[in-house]
Amino acid sequence: MVRTLLVFFGTRMMKAFAALCFLLAATLGWCHHARSRGNALLINGVEVVRLRAASNGVTPDQRAKRAADALAMVGAKPEIVTKRIGESEAAVYVSGAAVVTLRADDQETTGDVATFAQKVGDKMRSAYALPPLKVSEDRIKLGPGWTRDINIVGTEAHQVDLLVGDTNVVQLEPTSYGAQLRALAPGRSTITVQSPSGRETVDVLVLPPAAEFPQTLSASVAGQPANASTVRGAVESALRSQLKIGEEAKYTFAMPEVNSVMPGRSTTIPVRVRVSGKSLIESVGNVDVVVRNLEEARNISDLDLWYCNDPESIKRPVALFSSVLKPGRGARLLYHHMNAMTQPVILRVQVVNESEHVTKILILPGDSKPDVNPVRAGMVAAIQYLSSFILSSGEIVTIPPHTSMPISLRRMMPQETVSGLCSLRMIEGPDELTVRADAFAAVPLEGKWWDASRSSTPWREVGANPVTDADRSPVMRSDHIYPNPLKNERLTYQVGGRFGILRLGNHPIASAASENNLDGNYGVIYKIEAVIDNPTNNATTVELAFESSSGYSAGLFYVEGKLIQTPYLGPKEETTMMRISVPANTIRTISLTTLPISGGCYPATLFLRPQADRGDGTRPPTIIRL
């Protein structure tokens with residue numbers, strides 16, 4: 001009987017004591033809030049652990065709920081201890097009571113369960129140390145239609161009111177972790193989070209998006225096939241000219257590796273674009289660029305060579321060249337000039353469309369940066385051009401009415417040379433289109449124009465621009481127009497006989513007016529059939545050699561799928577370009593394509609002759625694979 005009474009009175013006293021402790025905790029501001037959300041345990045709004053394993057038939061969700069219930073009567077500053085209780089289990093004790101037993105399977109990754117429990121204990125301590133109210137962000141920028149989660153934590157995070165300053169700008173929805181903010185329209189608003197003893201304010205700025213995604217753009221190329229470099233360039237042009245972005249916005253992009261495109265086919269290049277700008281919200285999204293290889297461009301060839309080299313040395317600002325491009329009659333334009341002035345000069349080659357017609361032209365580019373070595377400048381342009389010419393691989397650009405588009409834009413310092421060689425072929429447009437080259441005193445170039453002056457494809461940087469008075473300034477049509485800029489040659493050698501010899505640039509082609517001859521045939525394409533006859537009963541090796549017969553020069557040849565660039569050679573120097581094995585009683589034929597290099601001294605000479613080990617240290621050529 002005594003024991004029963006003691007137990008009775010003891011139980012009532014314990015309950016009263018617990019109630020008193022709870023009242024004191026609330027009075028002193030020690031209150032906290034523990035709850036479960038699915039399989040997660042939260043203290044004061046902070047997720048301290050996510051339970052992933054069942055235990056003795058109890059699901060992870062049930063385990064989290066039991067842990068939250070066990071923490072309901074714990075003070076705000078409890079003592080937290082973790083202990084290993086087995087090989088794969090550890091317990092978290094709060095104020096002496098085991099509130100949750102953690103299993104190794106509860107971890108997201110494999111690791112020691114005791115270490116895992118220590119991390120959970122640390123998160124609990126941090127959660128108990130929180131102030132009454134705290135929000136994840138106090139300033140938010142976002143675009144219309146965007147959402148943002150606002151996490152609300154603290155000892156009073158479970159008893160807050162949410163107030164929106166301007167409901168036309170944003171709306172707010174309570175969630176299990178705080179609130180979700182949704183932007184409605186550009187403008188400013190505030191979000192006020194109020195608890196019994198705390199208050200937090202969030203400033204919200206809704207800005208117009210820098211761009212809307214996804215977008216689909218289009219680009220056109222030509223070639224048999226259009227090579228990967230052409231395809232990539234066409235994609236870049238489409239981004240610069242067609243991408244819909246906010247005013248004064250800037251963008252960056254990431255493009256995957258691209259491949260060549262066959263005639264009549266198309267491919268879609270996925271591009272990841274990031275756009276930003278002043279008073280705009282940064283936008284990131286996907287842009288699909290559809291690149292088509294137009295077959296109709298295959299039927300146009302270069303019927304004329306336009307030779308822009310008179311004068312070669314620029315001694316004052318001057319109009320250098322002008323001609324007209326006509327539908328179905330492609331032109332190969334060569335320009336090669338040195339700055340002989342004492343101050344910088346800008347060389348600009350452009351297409352000017354003063355008509356009412358949208359014009360599309362195919363460009364096979366080749367353009368060097370300024371160089372103090374004229375032959376090296378010519379070689380850089382020739383490598384670019386011949387790589388495209390072999391496949392007729394080029395970009396089709398659109399020039400709207402009353403606009404001009406640069407083909408070359410280079411800022412040259414004194415004694416520097418710019419060299420270029422490109423094909424221009426009109427796909428559609430007016431009866432004629434003006435192409436002109438001018439040298440003018442250098443002016444400051446900024447932004448995209450500075451980028452254009454450092455690019456071999458400046459139209460990709462600046463696109464088409466309104467025609468100006470300078471574009472209309474008078475300029476005489478050039479006399480240096482040379483029809484049929486193509487020579488078919490044959491180089492033969494019979495083993496045991498005289499060497500095969502072919503002179504390049506020896507017989508100049510005539511101008512359309514028959515008033516000028518093109519000494520050196522610079523820019524003229526040579527297609528050469530090299531025939532080696534070995535009538536003997538023994539296999540032999542023959543060498544193809546290049547000689548700089550007239551002075552300092554170099555050669556570039558397309559042979560069997562690769563470009564062969566000779567070294568830069570002084571007068572009468574030579575190099576062996578390739579060695580050719582010829583079986584007994586066999587005739588072997590090799591096709592070569594070449595052109596005299598601007599800035600070099602031509603004529604030059606090709607030899608077919610027996611292989612010889614001269615031991616003279618002849619510099620080998622450079623092989624460039626397309």
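Trainee: What makes arginine 460 count as buried or exposed?

Mentor: Its relative accessible area is 12%. Buried means under 20% relative accessible area, exposed over 50%, and partly exposed in between, with a 1.4 Å probe and protein chains only. So arginine 460 is buried.

Mentor: A word on the source. This is a predicted model, where local features need pLDDT of at least 70, side-chain atom pairs count only at pLDDT 80 or more, and totals for chains, interfaces and linings use all residues. Residues are numbered from 1 along each chain as its sequence is written, and side-chain values use heavy atoms, leaving out hydrogens and water.

Trainee: Which residues does arginine 460 touch?

Mentor: Ser229, Gly233, Ser237, Arg240 and Glu395, not counting residues up to four places away in sequence. Contact means heavy atoms within 4.5 Å. Arginine 460 itself lies in helix α7, residues 459-462. Helices (H or I, at least four residues) and strands (E, at least two) are DSSP runs, numbered from the N terminus.

Trainee: How do you know what span to expect for helix α3?

Mentor: The expected span is 1.5 Å times one less than the number of residues. Helix α3, residues 113-128, has 16 residues, and 22 Å is expected. From first C-alpha to last, α3 reaches 23 Å, close to that value.

Trainee: Which residues of α3 are buried?

Mentor: Among them are Val113, Phe116, Val120, Met124 and Tyr128.

Trainee: Why do the buried residues of α3 line one face?

Mentor: Seen down the axis, they fall within an arc of 155°, so they line one face of the helix. The arc is that of the directions from the helix axis to the C-beta atoms. In general, an α-helix has 3.6 residues a turn, so residues three or four places apart point the same way. The buried residues of α3 pack against β2, β3, β4, β5 and β6.

Trainee: Why is serine 95 called partly exposed?

Mentor: Its relative accessibility is 49%, so serine 95 counts as partly exposed. Serine 392 also counts as partly exposed, at 21%. Serine 392 has a positive phi too, about 50°.

Trainee: Where is proline 214?

Mentor: In the loop between β14 and β15. The peptide bond from phenylalanine 213 to proline 214 is cis, with omega near 0°.
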